[in-house]
Amino acid sequence: MVKILILGGGFGGIRAALDLNKKLKNKILAGQAEITLVDKNSYHLFVPALYEVASAYGVKRDPFAVRLKKTICIPYSDIFSARSGPASGGEKINFVQAGVSAIDLENKQVATEGGEMLNYDYLVIALGSQAADFGISGAKEYAFQFKNLEDALLLNQKIEELIKEAAAGQRSQPIKIAVIGAGFTGIEIAAEFARCVQKLAKTCLPSEALAKESGIKGRCERIILLEAGPRILPAVSAGERDIILKRLTRLGVEVLEGAAVEEIGGNYIKLKNGKRLDTDLITWTAGIRLPDLLEKTLALPLTEKPARGGSASGGKKIKVNNGLELDGWPGVFAIGDNTEFIDPKTSRPIPALAYVAVDQGKIVAKNLLRLIGNKQLIEYRPFYSVWIAPVGGKYAVAHFKDGFNVIGFWGWIMREVVDFKYMLSILSFKKAVSILWQEITLFTKND
Ligand SMILES: Cc1cc2nc3c(=O)[nH]c(=O)nc-3n(C[C@H](O)[C@H](O)[C@H](O)COP(=O)(O)OP(=O)(O)OC[C@H]3O[C@@H](n4cnc5c(N)ncnc54)[C@H](O)[C@@H]3O)c2cc1C
């Protein structure tokens, strides 16, 4: 039996598993290969909609946040029962829910936090990334991270607490929310925070009189988006940046460019230019890095890149060749956010995006079978020039091939279509429609 082990059930890992499963059934290896996917969670997290959970408004509270979770946490059992197993004519994908604690490339073994040892003949590393703090003092301790479900639920809860505080007359200052890092993630969360806080403030501050009594004059919130670089989104065109900036301003988001952070405290941000901002809530969306586990894995070929801010922590990724295989380790592949791939056209690393991870998952499935069949690996040719940036409510800026834009409500529709297409690629039609419906009914309440 040939054992294929996939670490991580994110965008890359899921695609590799499903494609391998589909391809194996038609090959000589049918019945002789075993695909196992390991993830610490029992669900695949639809990260692009995380900002909606963090800023969801008007959702009936329940201690387990069941409704919110249903929209972005897709059980692996739903994915694999729809697309694998005898019913679909494919092989079975084994799922192991466990945290990976060590990878031993020499002995072809992976250890789990529960002490289990998993052997493999072929390995795909798709463990994603973790937030990079660039060594900034206080970033880990005082800023809210924004990478997983728990982070989003925590942010949602904190915002509601702040508004309730204001409604109860316990504040003499506006609610100040800072988002550090004005990439696509920072922009979408800052814009949606603005919508959510304005809505919540309206319902929680019952009267003008109470607002005056609590000392809050004019607006009761301040949303600040900080970017260390000279401008937000350096990779987009000046026109597109302008449209996004105007939209943010209209929503009441203050954008500070060239605002490099030096230190973060419990309720303040100190900038390198000497300025200090008082804040109630700080969200960190400034960058990603290799998960600690992979950085500590011996023999893993890593890139060495000086991190922003001069710290030694950020920047490292797994180095792969054109076939997404690790040099010196035949049969070991790495895809998605934990990998650095240099675009031969630009000589620059390609961006960490969900659809890039999906594409790489597809290539790895093909290459694994080619390797087993003693064929030459095919080259991965990156494509990443399409993006859709939601900027608050039913509004998005979409960029397609040759700089074609769809802006506003239709941009948002495009985004919904893209999300739905992804759901259809991993779920049955019924389940995909159910998720889309829940998303639309729940997340448009603050639009
Ligand atoms: C807030 C936010 C918004 C984003 N929005 C967009 C967007 O709109 N469009 C877009 O294209 N991209 C977006 N991205 C980027 C996109 O989410 C990533 O590029 C994509 O998730 C990478 O896929 P992946 O398979 O490499 O890793 P992930 O999807 O992160 O999957 C990694 C998997 O590994 C598992 N894992 C991690 N460590 C362990 C361990 N030790 N043991 C077991 N399992 C483990 C995790 O549970 C997870 O399931 C966004 C990212 C963030 C943070």
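This is a predicted model: local features need pLDDT of at least 70, side-chain atom pairs count only at pLDDT 80 or more; totals for chains, interfaces and linings use all residues.
Trainee: Which residues come nearest to the ligand?

Mentor: Gly12, Asp39, Val100, Asp337 and Ala354 do, out of 29 residues around the ligand.

Trainee: And how do the residues of that shell divide into nonpolar, polar and charged?

Mentor: There are 15 nonpolar, 9 polar and 5 charged residues in the shell.

Trainee: Which backbone atoms lie by the ligand's oxygen atoms?

Mentor: A polar backbone atom of Phe11 is 3.1 Å from a ligand oxygen, and one of Gly12 is 2.9 Å from a ligand oxygen.

Trainee: What about a nitrogen atom of the ligand?

Mentor: Look at Lys40: a backbone N or O atom of that residue lies 3.1 Å from a ligand nitrogen.

Trainee: OK, how much of the ligand's accessible area does the protein cover?

Mentor: It covers 87% of the 990 Å² that the ligand has on its own.

Trainee: Which elements give two or more residues to the shell?

Mentor: Those are α1, α7 (184-204) and α11 (354-372). The largest share comes from α11, with 3 residues.

Trainee: Switching topic to α1. How do its axis and that of α12 cross?

Mentor: Helix α1 (residues 11-24) and helix α12 (residues 409-426) have axes that come within 11 Å and cross at roughly 40 degrees. The two helices are therefore oblique to each other.

Trainee: Which residues make that contact?

Mentor: From α1, it's Phe11, Ile14, Arg15 and Leu18; α12 brings Tyr422, Ser425 and Ile426. The residues of this contact divide into 5 nonpolar, 1 polar and 1 charged.

Definitions and conventions
Residues are numbered from 1 along each chain as its sequence is written. Side-chain values use heavy atoms; hydrogens and water are left out. Axes are lines fitted to C-alpha atoms, for helices over the stretch in contact, and angles run from 0 to 180 degrees between N-to-C directions. Helices (H or I, at least four residues) and strands (E, at least two) are DSSP runs, numbered from the N terminus. Angles under 35 degrees count as roughly parallel, over 145 as roughly antiparallel, 65 to 115 as roughly perpendicular and the rest as oblique. Contact means heavy atoms within 4.5 Å. Ala, Val, Leu, Ile, Met, Phe, Trp, Tyr, Cys and Pro count as nonpolar, Asp, Glu, Lys and Arg as charged, and the others, Gly among them, as polar. A residue is near a molecule or strand if one of its heavy atoms lies within 4 Å of it. A polar contact is a pair of N or O atoms within 3.5 Å; within protein, one must be able to donate a hydrogen and the other to accept it, and residues adjacent in sequence count only if both atoms are side-chain atoms. Accessible areas come from the Shrake-Rupley method with a 1.4 Å probe; for residues, only the protein chains shown count as cover.
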